[in-house]
Amino acid sequence: MVRSVGAHSLSLVRGLGDFAVFTAQSFRSALTTRKLFRRVLRAAFEQGARCLPVILIVGTFTGLVLGLQGYHVLNRFGSESLLGALVSLSLVRELGPVLAALMLVGQAGSALAAELGIQRNSEQIAALETMGVSSHGYLITPRLISALFVYPMQTALFVAVGLWGGWLSGSMLLGLEPGVYWASVERAVEPDDVMECFVKAAVFGLLTVSLCCYNGFNAHRCKTATGARAVSASTTRAVVLSCVTVLAADYVITSFLL
Amino acid sequence: MLLEVQGITKSFGDNAVLTGVDLHVPHGRVVTVLGRSGTGKSVFLKCLAGVERPDAGTIHFDGKALDVDAPAARAEFCRRCSFLFQHNALFDSLTALENVELPLEQTTDLSAAEVRKRSLEALKQLELDTHADSYPSQLSGGMQKRLALARAIVTRPELVLFDEPTAGLDPLRRNAVFEMIVKYQRQFGFTAVIVTHDVAEVLVISDHVALLDGGSMRFAGTPEAFSTSTDRFVCDFRDSTLALSRSIAALRQSSAPLPLNS
């Protein structure tokens, strides 16, 4: 048993080291990759425009539910006027970055891992290497760079539509004065909260996109399956690991920033 | 010699695939590496291209030792060498033109206009200019092969490595692919190293033939020497069709004829 625990621990440390080297190598490739800007724009389109509908829909419903639940809870204490603060702080500090990251993992991260896995299987990545093109620079670096600004932008959008959803359920449906709602939002949110929101979004973006790229890129190293099954296994692994990492990283960042 | 390979070894775990392979490839020639399935032909070719790292041995390209860990030397080698994968390895999300443009865009300082011009030229030379905007999945198998060759030659390489370019093709298409390789090899003057199983065609198109078996070269020489070799393994490999017809004839003679009403 001790041997098994030791082997698993070593494997975990090796995996973490490999992941760190992979990410570092991808950032280093930014210095040597040609036509990087165009690739970054393309990656931003994949992570941004394609994920926009899901961000808007989930953001709206999150705000609606927060407004609804918050209004009824605060109503018990006669504090409905604090609904704006409740919705805005919940969204800006926690729900916005976390839910937006989870949606982006589901939509863009899974597609990214599958695409890289298929490219590995069909030797497209090997073809790049034989051409003398850095596969990290061409395939991974643009996605990592775009994640650093697309995730915060998507999170900001998520928070904005969430606030609007809170106003819709709190003011339009339940009758809270709109001025009271928006004044409460304005009083509650500090610049530090916004900073925390953006820091979290950028960190989640970096971690999840790295994880999805790492798993897809190394689909051929999957020990339990080969071919299409390896792609499917690596995609599943990428999504699960990314979701767990978002929640774990959220706790760590919050404990440092609070 | 353009390429000199000495004592290449490569293992995957306990499985020793290459146990000391030597090969000499002269400038401007077509060299073919034959061998049974699973003898490590593709691994050998990937070691030459730098996709796989040999465990031991040396590779000299144009007189210089090839060090896969030296980025500058590796970049120089990649600039002068192209690899044609067995299944083409075309980028399925890029059009035919974008596929051909990619190596020029990413490895040269050419202007966008020059990249476009040279890529269109390569497509035209391979009679694919009318399919520049098609995606690889919209092209036939032969066209995909030509597109892969266009991408390989657009950088004007001195050495092109072909990994089983005719695998899975019918005899007519196989001939067409070999014809295409020889035609463009003459036209562009590159040196070709081809890994294949097709003995009959190889003897027609090659300047040199090598036979890989058991992790090392069992034969290396001209097609004429290959045709007249008395080495047992070379004979078995070369005369495999003849051996098959003998076995079938013997089988037919020894078997009792089946009753007509069975």
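In chain B, residues 24 or more positions apart account for 66% of the contacts with a separation of 6 or more. The structure is a predicted model. Chain A has 9 helices and 0 strands, whereas chain B has 10 helices and 10 strands. The two chains touch, with 15 residues of chain B in contact with 13 residues of chain A.

**Chain B**

- The secondary structure of chain B consists of 10 helices and 10 strands.
- The C-alpha trace of chain B spans about 75 × 50 × 35 Å along its principal axes.
- Chain B has 262 residues, and buried residues make up 39% of them.

**Chain A**

- Along the sequence, chain A reads α-α-α-α-α-α-α-α-α, in keeping with its 9 helices and 0 strands.
- The principal axes of chain A give its C-alpha trace a span of about 65 × 50 × 30 Å.
- Of its 258 residues, 47% count as buried.
- Among the contacts in chain A with a separation of 6 or more, 86% are accounted for by residues 24 or more positions apart.

**Helix H1 of chain A**

- Helix H1 of chain A covers residues 2-28, which gives it 27 residues.
- From its first C-alpha to its last, H1(A) reaches 39 Å, close to the 39 Å expected at 1.5 Å a residue.
- H1(A) is hardly covered, for 2 of its 27 residues are buried.

**Helices H4 and H6 of chain A**

- Helix H4 (residues 83-121) and helix H6 (residues 135-173) of chain A have axes that come within 7 Å and cross at roughly 140°.
- The crossing in which H4(A) passes H6(A) is right-handed.
- The residues of this contact between H4(A) and H6(A) comprise 16 nonpolar, 7 polar and 1 charged.

**Helices H6 and H8 of chain A**

- H6(A) also packs with helix H8 (residues 191-217) of chain A, where the axes come within 8 Å and cross at roughly 140°.
- That angle makes H6(A) oblique to H8(A).
- H6(A) and H8(A) cross in a right-handed sense.
- On the H6(A) side, the residues that meet H8(A) include A:Ile140, A:Arg143, A:Leu144, A:Ala147, A:Leu148 and A:Val150.
- Further along H6(A), A:Tyr151, A:Pro152, A:Thr155 and A:Val159 also take part in the contact with H8(A).
- The H8(A) residues they meet include A:Cys197, A:Phe198, A:Ala201, A:Ala202, A:Phe204 and A:Gly205.
- H8(A) also contributes A:Leu206, A:Val209, A:Ser210, A:Cys213 and A:Phe217 to the contact with H6(A).
- By class, the contact of H6(A) with H8(A) has 17 nonpolar, 3 polar and 1 charged residues.

**Interface between the chains**

- At the interface, 13 residues of chain A are in contact with 15 residues of chain B.
- On the side of chain B that touches chain A, helix H2 (71-80) and helix H3 (96-107) of chain B each supply at least two residues.
- H3(B) gives the most to that side of chain B, with 4 residues.
- The residues on the side of chain B that touches chain A divide by class into 9 nonpolar, 4 polar and 2 charged.

Methods: Residues are numbered from 1 along each chain as its sequence is written. Chains are lettered from A and ligands numbered from 1 in the order in which they are written. This is a predicted model: local features need pLDDT of at least 70, side-chain atom pairs count only at pLDDT 80 or more; totals for chains, interfaces and linings use all residues. Two residues are in contact if their C-beta atoms, placed from the backbone, lie within 7 Å. Ala, Val, Leu, Ile, Met, Phe, Trp, Tyr, Cys and Pro count as nonpolar, Asp, Glu, Lys and Arg as charged, and the others, Gly among them, as polar. The expected span of a helix is 1.5 Å times one less than its number of residues. A residue is buried if 20 or more other C-beta atoms lie within 10 Å of its own, exposed if 12 or fewer, and partly exposed in between; C-beta atoms are placed from the backbone. Axes are lines fitted to C-alpha atoms, for helices over the stretch in contact, and angles run from 0 to 180 degrees between N-to-C directions. A crossing is left-handed if the near helix is turned anticlockwise from the far one by less than a right angle, and right-handed if clockwise. Angles under 35 degrees count as roughly parallel, over 145 as roughly antiparallel, 65 to 115 as roughly perpendicular and the rest as oblique.
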